[in-house]
Amino acid sequence: MDEIKPAVQHVIEALQAAAAEVDGNEERAKRIMAETRLRLLSMDDDELRDLAAIFAILRGKPFDECYRQFKQSVEEHRETMEEWLSYLAEGKSQ
């Protein structure tokens, strides 16, 4: 079976986090969001471009705007890593 692209996996996990939040499972939602942030930090430029392309379609925004937002998010997540990294220690999501 082919491996899921990091951008697609990122979208899937973001949806899982949203579902966990709607279900009232805040701990699981925070853990999954921490996983997505860590994945975002590890993406190379091509993977970030794939992710931006997906979000440009979903949000109806220009690709360049989405790409810049993801690049900015990467920097913000790096700066705030100590605030969210501890959620990973609580266990992996399923």
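This is a predicted model: local features need pLDDT of at least 70, side-chain atom pairs count only at pLDDT 80 or more; totals for chains, interfaces and linings use all residues.
Which residues are linked with Asp-45 in a network of salt bridges? The network joins Asp-45 to Arg-49 and Lys-71.

Helix α1 covers residues 6-22. With 17 residues, α1 reaches 24 Å from its first C-alpha to its last, close to the 24 Å expected at 1.5 Å a residue. Ala-7, His-10, Val-11, Glu-13, Ala-17 and Ala-20 are the residues of α1 that are buried, and the buried residues of this helix pack against α2 and α3. After α1 comes Gly-24, which has a positive phi near 85°.

Beyond residues up to four places away in sequence, His-10 touches Thr-36, Arg-39, Leu-40, Met-43 and Leu-51. Ile-12, also in α1, is partly exposed because its relative accessibility is 33%. Together with Ile-4 and Val-8, Ile-12 forms a nonpolar patch on the surface, and the three residues have about 210 Å² of accessible area together.

Helix α2 spans residues 26-42. It has 17 residues and extends 24 Å between its first and last C-alpha atoms, close to the 24 Å expected at 1.5 Å a residue. Its buried residues are Ala-29, Arg-31, Ile-32, Ala-34, Glu-35, Thr-36, Leu-40 and Leu-41.

In soluble globular proteins, nonpolar side chains tend to be buried together. The largest nonpolar core of this model contains 15 residues, of which Leu-40, Met-43, Leu-48, Leu-51, Ala-52, Phe-70 and Val-74 touch the most other members. Two or more residues of this core come from each of α1, α2, α3 (45-59) and α4 (63-79). Phe-70 is in contact with Leu-40, Leu-48, Leu-51, Ala-52 and Phe-55, leaving aside its neighbours within four places in sequence. Leu-40 and Leu-51 are also among the residues that His-10 touches.

Side chains of opposite charge can pair when their charged atoms come close. The structure holds 6 salt bridges. In one of them, Asp-45 pairs with Arg-49, with 3.1 Å between the closest N and O atoms. Both residues lie in α3, 4 residues apart, about one turn of the helix. An α-helix has 3.6 residues a turn, so residues three or four places apart point the same way. Asp-45 counts as partly exposed because its relative accessibility is 30%, and Arg-49 is partly exposed at 34%.

A salt bridge also forms between Glu-75 and Arg-78, at 3.1 Å from N to O. Because they are 3 residues apart in helix α4, about one helical turn separates them. Glu-75 is partly exposed at 41% relative accessibility, as is Arg-78 at 44%.

Lys-61 and Glu-65 likewise meet through their side chains in a salt bridge, at 3.5 Å from N to O. Lys-61 is partly exposed at 30% relative accessibility. Glu-65 belongs to helix α4 and is partly exposed at 27%. Its C-alpha atom is separated by 12 Å from that of Leu-51, a residue 14 places away along the chain.

Notes. Residues are numbered from 1 along each chain as its sequence is written. Side-chain values use heavy atoms; hydrogens and water are left out. Patches are made of residues with over 30% relative accessible area and no salt bridge: like charges are joined within 9 Å, nonpolar side chains (Val, Leu, Ile, Met, Phe, Trp, Tyr) within 5 Å. Accessible areas come from the Shrake-Rupley method with a 1.4 Å probe; for residues, only the protein chains shown count as cover. A salt bridge is a side-chain nitrogen of Lys or Arg within 4 Å of a carboxyl oxygen of Asp or Glu. Buried means under 20% relative accessible area, exposed over 50%, partly exposed in between (1.4 Å probe, protein chains only). Contact means heavy atoms within 4.5 Å. A nonpolar core is a set of buried Ala, Val, Leu, Ile, Met, Phe, Trp, Tyr and Cys residues joined through side-chain atoms within 4.5 Å. The expected span of a helix is 1.5 Å times one less than its number of residues.
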